[in-house]
Every structure is written in structure tokens, then in C-alpha cells.
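I opened this entry to record which helix contacts and which core residues I looked up. The notes follow the order in which I consulted the model.

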Amino acid sequence: MTRELVLQNIMVNYGKYGVTEKAINALIDSGYAAGLNYDAIYLGIKMSLSNIYREEFLCTSEDVAKAFGLTQDEVNEQIEQRRQELIEAGKNPDDYFKAVQSNKYMM
């Protein structure tokens, strides 16, 4: 992901709430200065704005893998471990992680 794509995606999804490019640019600069990659910056901003505007925050294991420099298999393994921990704690893991069917097409 690039800086421009982070800004574009955030503005498309949250500009309707009055979020400004100036504010998002400051957040991007802060995240980059802290050593985060653009995928991690995007997920962090998206998660925060989703919380502020009471939208459900969704991302894929692929998104998380890119953000944290892991493989998708590593992320999926971590998710399965966290799901088991939630079950053992008497919580519903589906409240935190949702499995969805994915279709891939080749043309």
C-alpha cells in the first residue's frame, strides 16, 4: 500500500463524516515516523475511525499479515490459537473472528 492509497481509501470511507485530508495526513506522518508501514497505518486509522463513527471494523488475515510483516499462514495460526483461548475463557470466538468463504476466479 502507498501513502496516497491510504489517504484515498480513508477519505472515500470516512470523508462523509467530515474527516479531513489534513487530519489524515498528520496521522499518516505520525505512524510513518513511528516506523509503521502503510498497511499498518491504514488498519490503525481505519480501526480508530470505525470505533469513533460506530462502524464495524473488519479486515482480512491477509490485511493483518501485510501490516505486521507476517505470512497469511502465520496470522491464521495465531487466529486459531486466539479462538481456542476465547473458547476456554467461555467467550464466543465468532464475536471476534469471522470465517468467510472466499472465491477466486481466473480469466
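The model is predicted, so local features need pLDDT of at least 70 and side-chain atom pairs count only at pLDDT 80 or more, while totals for chains, interfaces and linings use all residues. Residues are numbered from 1 along each chain as its sequence is written, and side-chain values use heavy atoms, with hydrogens and water left out.

Is Ser61 buried or exposed? Ser61 counts as buried because its relative accessibility is 15% (buried is under 20% relative accessible area, exposed over 50%, partly exposed in between, with a 1.4 Å probe and protein chains only). Leaving aside neighbours within four places in sequence, I noted Gln72, Val75, Asn76 and Ile79 in contact with Ser61, where contact means heavy atoms within 4.5 Å.

I then turned to the helix pair. The axes of α4 and helix α5 (residues 72-88) are 8 Å apart, at an angle of about 115°; axes are lines fitted to C-alpha atoms, for helices over the stretch in contact, and angles run from 0 to 180 degrees between N-to-C directions. I therefore recorded α4 and α5 as roughly perpendicular (65 to 115 degrees; under 35 is roughly parallel, over 145 roughly antiparallel, the rest oblique). On the α4 side I listed Ser61, Glu62, Val64 and Ala65, which meet Gln72, Val75, Asn76 and Ile79 of α5.

Next I examined helix α1 (residues 3-14) and helix α3 (residues 38-52), which pack at about 15° with axes 9 Å apart. That angle makes α1 roughly parallel to α3. Among the residues making the contact are Val6 and Ile10 of α1 and Ile41, Ile45 and Leu49 of α3.

Which residues touch the most other members of the largest nonpolar core? I found Val6, Ile10, Ile24, Ile28, Ile41, Ile45 and Leu49, out of 15 residues in that core (a set of buried Ala, Val, Leu, Ile, Met, Phe, Trp, Tyr and Cys residues joined through side-chain atoms within 4.5 Å). Helices α1, α2 (21-33) and α3 each give two or more residues to this core, and α3 gives the most, with 7. Finally, leaving aside neighbours within four places in sequence, I noted Ile45 in contact with Val6, Ile10, Ile24, Leu27 and Ile28.

Technical notes:
Helices (H or I, at least four residues) and strands (E, at least two) are DSSP runs, numbered from the N terminus.
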